[in-house]
Amino acid sequence: VNVKAEEKTYTIGTDLTFAPFEYQNSSGTYIGIDVDLINAIAKDQGFKVDLKPLGFDSAVQAVQSNQVDGMVAGMSITDERKKSFDFSDPYFDSGISMAVKKGNTSIKSYDDLKGKTVAAKVGTESAAFLEKNQKKYGYTIKNFDDATGLYKSLENGETVAIFDDYPVLGYAITNGQALELVGEKETGSAYGFAVKKGQNQELLEKFNAGLKNLKASGEYDKIIDKYISSGQ
Ligand code: GLN
């Protein structure tokens with residue numbers, strides 16, 4: 001009798017709400033590009049995934065404290081993060097953008113943010129961007145733990161502008177959220193799957209091997225097309 005070796009299960013941290021990369025459908029199941037990608041890679045490479053939607057910054061902490069084996073959360077591959085994480089090959093190009101409440105014509109550029117409150121999600125590239133440019137533009141920063149609070153802050157007037165990854169803002173607008181993008185998008189880093197530096201290297205290798213196979217088979221494109229209709 002040929003008994004298949006039991007497949008290893010890896011716990012993978014992810015964000016709470018970061019559509020179209022990870023979010024819950026109407027029945028509460030997590031779906032999205034990251035979710036489909038990690039599941040397809042797991043299938044291709046013969047491992048199991050225990051997905052933990054912790055929130056972005058909490059997932060970062062969970063990887064660093066060895067509570068999870070890795071994370072897939074639309075996480076930008078940055079030099080700063082490379083000090084504490086090892087990243088897979090990039091799997092999606094991204095960057096950040098500013099958005100205001102639809103119909104708000106008073107914010108046309110960063111210069112209009114003086115004395116105003118702007119926001120991003122804790123621990124993200126957007127939050128780092130806001131901190132870096134605070135002196136220059138003279139705004140107040142509010143950081144939110146998750147997207148729900150962040151996006152609501154525009155609606156209830158707590159903030160005048162929010163910063164987030166442009167594929168995520170674009171998806172929100174396409175899906176009817178009352179937002180509009182202002183100004184040029186900032187070039188940012190591509191997304192990568194991450195493990196703690198020096199650890200879980202076999203998982204990183206499996207991710208890269210699986211990603212390569214999914215790209216070759218056309219499955220990668222199918223996943224992207226399922227969530228993003230025309231281009232990026
Ligand atoms: N790409 C951004 C970053 O890595 C945001 C990720 C997220 O909010 N899930 O900082």
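Let me start with a word we will need: a residue is called buried when under 20% of its relative accessible area remains, exposed when over 50% does, and partly exposed in between, with a 1.4 Å probe and protein chains only. What we have here is a predicted model, in which local features need pLDDT of at least 70 and side-chain atom pairs count only at pLDDT 80 or more, while totals for chains, interfaces and linings use all residues. Residues are numbered from 1 along each chain as its sequence is written, and side-chain values use heavy atoms, with hydrogens and water left out.

Now to the aromatic rings. Rings of Phe, Tyr and Trp (its six-membered ring) pair if their centres lie within 6.5 Å, and planes under 30 degrees apart count as stacked, over 60 as edge-to-face and the rest as tilted. The whole structure holds 16 aromatic pairs, and one of them joins Phe18 and Phe21, a tilted pair with 5.9 Å from centre to centre and 35 degrees between the planes. Phe18 also meets Tyr191, with the ring centres 6.4 Å apart and the planes at 50 degrees, so this pair is tilted.

Why does the pair of Phe18 and Tyr191 tie together parts that are 173 residues apart in sequence? Phe18 lies in the loop between β1 and β2 (23–24), and Tyr191 in the loop between β11 (179–187) and β12 (194–196), so the pair links these parts; strands here are DSSP runs of E, at least two residues, numbered from the N terminus. Phe18 and Tyr191 are both buried. Together with Phe21, Tyr91, Phe92, Phe193 and Phe207, Phe18 and Tyr191 form one aromatic cluster.

Key: Helix = DSSP H or I, 4+ residues; strand = E, 2+ residues; numbered from the N terminus.
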